[in-house]
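Here's a quick look at some side chains in this model. Have the sequence and the 3D view handy as you read.

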Amino acid sequence: MRKLYMELIRMRFLTMLAYRVNYYSGIIIYAINIGAYYFLWGAIYGGQQQLGGLTVEQMTSYVAIAWMSRAFYFNNIDTEIAQDVREGKVAIEMIRPYNYLSVKTAQAFGEGIFRFLFFAGPGIFLISLIIPFSFPATATGWGLYLISLMCAFLINTQINLVTGLLTFFLFRNDGMMRAKRVVVDLLSGLVLPISFFPGWAQTVMGYLPFQAVNYYPSLIFTGAITTERSWELIGFQVIWMFVILVPILVMWRLARNKLVVQGG
Amino acid sequence: MQNMRHIFSIFADYLSQYFKTRLAYRTDFIGDFVSNLVSELINLVFIIVVFTHVPLMGDWTRDEIIFIYGFFLVPYALFSMFFGFWDFNERYIIRGEMDRILTRPIHNLAQVCLESIAPDRIFGVITGIIIMGYAAIQLDLSFYWYDVFIFIGLSISGALIYGGVYTAIAAVSFFSDSRTGIAPMIYNIQQYGRYPVDVYNKAIRFVLTYVLPFAFVGVYPAAYFLRKEVWYTYAAMTPVVAVIFFGIGLLVWNWGVTKYRGAGS
């Protein structure tokens, strides 16, 4: 069984590699996004030394690292599931001798590794030449970041599984998936560090899983927090993983009984 | 001219069909409406939160930036209503639907637009006007009677600029006949036009004015209503830029169609 999933990860990785235009456009997209926020934040800071507890330099490396983490955890499996459901392919998937959701997760992982090696790696190197940028100083720092990033990937994938599975009940939910993307980007701390939000908003966001997707790993990367605090954040991520597993399992159970194939 | 009228009458027919199919999935229709509203308001959160920390961005105030964002939503809504073929590469090239398009009597770009028309996006216009209205009251802006027509003209121009650039980018699919994943690129670039271009550096400002003129969809035309006289020339150029870039888009598209070989089954 493990061999099957390894093979799925490898296949998706190679598929990503095969579409060359995709690869180039991906690099451009990340450059554009990081560039946009880099200049925007430059203008926002103006002459000020510090905002929301971050200096300009810290802010620019935060933007870069947040986008690079996103390269790893981001995937479109919700859209893929929605398409499978609409076209009725999911009926075939359900009778196959593997778990459909694990297959999707494995494919997302293959995609994540690809983006990490080919987008984030070179991207972060290029940015470090332009923007003063500090990497985690110790092996522990790197280790903690990578563990946290892996958790971030799993949580984000779970969120995508939830939105993808909603297609079983709503039939079409493109709009919702679009809104989800924007909401995750904002509430995960990608476009705006959580420390910028007013106190009450931070409290509310503490009860939501989105910070675990980006803010935690980015915080660990910057080395601004102690090792114990880092482990604590990873602990929160693990808790969220178990919490989100519940709706996924419930919905999957219901979906198997409720499947309405719309054509295909 | 006869031809254009024909296309418009077909658009009307498709519209009525569209509402019939959409209302068949009623929860989805409402869900889509709410989702669009959420994604539009989320961007506002960014502006509001940032301005709790700083009084100005460049030399623009919070309400001016909100006004620009509100304006941006109007041409953007028009654009996404008529040019909804985000999955053009996947749907028409990979699956070979383009073969069918080419047998249709009206111009193939019009046919593709027709099939992916999304009239419910028109609500973005309303959201945009409400946001602009709020900012206008805060800023104590005054308008002349003819501003309505200027507003309509500039909004349509903005939509055409997006349409031209997007059409040209979609046409890349004709040349590569494999998966391209180019749509997200445009989706990401468009955020540049929402903020005043003078906060960016010179190179980006140049690109946003002359290469991918997204500044003409947001900040330049909005500057006219904000009475920023420095930008009046740019605001006035908007329709010209629209004609040029939509023309380029159309040319690239027509050229691409001649290169199309068909990849699907």
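## Aromatic pairs

B:Phe83 is buried, at a relative accessible area of 9%, and B:Phe85 is buried too, at 0% (buried means under 20%, exposed over 50% and partly exposed in between, with a 1.4 Å probe and protein chains only). This is a predicted model, where local features need pLDDT of at least 70, side-chain atom pairs count only at pLDDT 80 or more, and totals for chains, interfaces and linings use all residues. Residues are numbered from 1 along each chain as its sequence is written, chains are lettered from A and ligands numbered from 1 in the order written, and side-chain values use heavy atoms, leaving out hydrogens and water.

Searching the whole structure turns up 59 aromatic pairs over all chains (Phe, Tyr or six-membered Trp rings with centres within 6.5 Å; stacked under 30 degrees, edge-to-face over 60, tilted for the rest). B:Phe83 and B:Phe85 make a tilted one, 6.2 Å centre to centre with 55° between the planes. B:Phe206 and B:Tyr210 are also a tilted pair, at 5.1 Å and 45°. Both sit in helix α10 (residues 202-211) of chain B, four residues apart, or about one turn (helices are DSSP runs of H or I, at least four residues, numbered from the N terminus).

## Charges over rings

Look for B:Arg227 over the face of B:Tyr224, 5.1 Å from the ring centre. B:Lys228 lies over the face of B:Trp60, at 4.6 Å (the cut-offs are NZ of Lys or CZ of Arg within 6 Å of the ring centre and within 35 degrees of the ring normal).

## An exposed isoleucine

B:Ile130 belongs to helix α7 of chain B. B:Ile130 is exposed, with a relative accessible area of 57%.

Definitions and conventions. Helix = DSSP H or I, 4+ residues; strand = E, 2+ residues; numbered from the N terminus.
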